[in-house]
Each structure stands twice: as structure tokens, then as C-alpha cells.
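Dear colleague,

Please find below the structure that I am handing over to you. My notes on what was found in it follow directly after.

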Amino acid sequence: MENAPKNDATREREQGTCSCMATIAGYLLLAIGLSLLVGCATAGKAKVEPAEPTPAAAAAAAEPSPSLPAGPSVVHFTDGREGFLITEPSGMDAQLRADFDQASAMIKEAKFDKAIELLEKVIAQSPEMTAPHINLAIAYRQINKPEQAEQHLKKALELIPVHPVASNEYGLMLRKAGRFAESRLIYEKSLAAFPEYHPIHKNLAILCDLYLKDLACAVEHYEIYGQAMPKDQQVKLWLADLQTRRPTASAGMGNGLSVH
């Protein structure tokens, strides 16, 4: 059980943990593999949504390339964009890809049992891909089977350590189970490798604020998230709420967001 003050701001924050107005390009299921392209990204559930490749990408994927990695690779953008690209060589055939797409759609439609059945089939034939494990964990969590969800998140993190989407989902699950120290560790490890993955900053700030009572951590990560995602007005409200509940917090807010 989570243990946090149940004032209105807390309830709003708990509901808002799984929402964000930013966009995510998502998992791009190409012939060469499964890639995660992230500029700014959604928080909360962090559903893994495959997208159709562009014609140019599909054509490029169809041509063999000696430079393709033998295993997962991570590239952080250095051309002025903020984000990263995770690429996983895939052994999925057309039918497995169709099953994966269908399962992802079923998760959106809250058809979790059917999604689980399809994703288990995909994983049985392509166990080294992180996206099916992450989606399956999300589906299991939705039907209140945290042990199965944790198993698949651990597998995703075994395949790609500190994977930001898997880490974000795992941290949320651990927090809901009251395993606050473990949740913080998962978040911090992932942020050390992927500081540009904004949802984890937001969720770590919530964890530090409401559950760990670590003011400095909460302010730091609310401000990082707020500076990266200025359209998320909730963060400004949460900082204002933090300032009201803890007047000494104002000394730590000299730089960053304006709180009105």
C-alpha cells in the first residue's frame, strides 16, 4: 500500500502521473529491428506503440547493411536534437509483427487478457525483444498481476540495462507496491544513462515529494522536467503546492520555474 497524504493535490498528482501532453515517436518496428526514437516522451504507463516506417525507412531497411549491430545499440543525438535511439535487431516475421501490432491495439482498448495471449506468443518466438516484454508487463499490471509484470520488466532490463521505458514502468510499479527505495534506485540508474528521458524526472520528483519526503530531490526533478516540458502546467501547480506545504522550499527555487 502507498502511504502519502491524501489531500486534493495528492489525488490530482496520482491521477496525473500517467499523463503528459508531450509526444512520443514510439517503437518503430522496421525490418532491421525494433527501435525507440525519443525526443520528448509520455509519462506514466509509457505504452509501447509500434509505428509504421516511412517509405524511405522501409526501403533502407530492406537493403542489407554490414553496419547493422549484432545486438541492441543506443545512440544519443548530438546534432542539436534532444533524445536517443535504441535499436534492436529483430527476428520477427510478418505474422509476429501483426500479432504485436494487434496486441498493442488491444492494450489501448483495455482488452488485456487477449493482449496477454498474443504477447506471450510473440515472446515465445522472439524472446530477445524488449517491447513485447514491456507491453506484456503493462497488460499484467492492468489486471493486477504484479509478479508477472515484474518478471517481464526485469527481462527487458536484462536485455537492455536501464532501458528508460522499462525503468519508468518498473519504477511506477515498485512505488505502487510501497517499495520506494527500490523505485528510486531504478529511476536514478536510468537517468544516469538517459537524463533526457523526461517522464522519469517527473515520476522521481513525485516519489521524492510524496513518499520519500526528500525535498531537495523533488524540487530538482520537478524543475528539470518543468524546464523541458513547459506546457505541462501541472508541474507548476505541484511546485506551488510543495511550497505551500513546506515553506522552506522557496529557498531552493531560485532558478527554474516561476510559481504563481
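Arginine 141 and glutamate 169 form a salt bridge in this predicted model, with their closest N and O atoms 2.5 Å apart; a salt bridge here is a side-chain nitrogen of Lys or Arg within 4 Å of a carboxyl oxygen of Asp or Glu. Arginine 141 belongs to helix α5 (residues 130–142) and glutamate 169 to helix α7 (residues 164–176), so the pair ties together parts that lie 28 residues apart in sequence. Helices (H or I, at least four residues) and strands (E, at least two) are DSSP runs, numbered from the N terminus. Both arginine 141 and glutamate 169 are buried, where buried means under 20% relative accessible area, exposed over 50%, and partly exposed in between (1.4 Å probe, protein chains only).

The structure holds twelve salt bridges. Another of them joins aspartate 214 and arginine 184, at 3.0 Å from N to O. This pair also links distant parts of the chain, 30 residues apart: aspartate 214 sits in the loop between α9 (198–212) and α10 (215–228), and arginine 184 in helix α8. Aspartate 214 is partly exposed, at 23% relative accessible area, and arginine 184 is likewise partly exposed, at 22%.

Arginine 81 pairs with aspartate 79, the closest N and O atoms being 3.1 Å apart. Arginine 81 is partly exposed, with a relative accessible area of 47%.

As to confidence, the protein chain averages a pLDDT of 75, and 67% of the residues score at least 70; pLDDT is the predictor's confidence in each residue, from 0 to 100. The mean is lowest in strand β1 (residues 26–30), at 30, and highest in helix α8 (residues 180–193), at 98. Over residues 249–260 the pLDDT is below 50, and this stretch has 28 contacts beyond near neighbours in sequence, a contact being heavy atoms within 4.5 Å.

Residues are numbered from 1 along each chain as its sequence is written, and side-chain values use heavy atoms, with hydrogens and water left out. As the model is predicted, local features need pLDDT of at least 70 and side-chain atom pairs count only at pLDDT 80 or more, whereas totals for chains, interfaces and linings use all residues.
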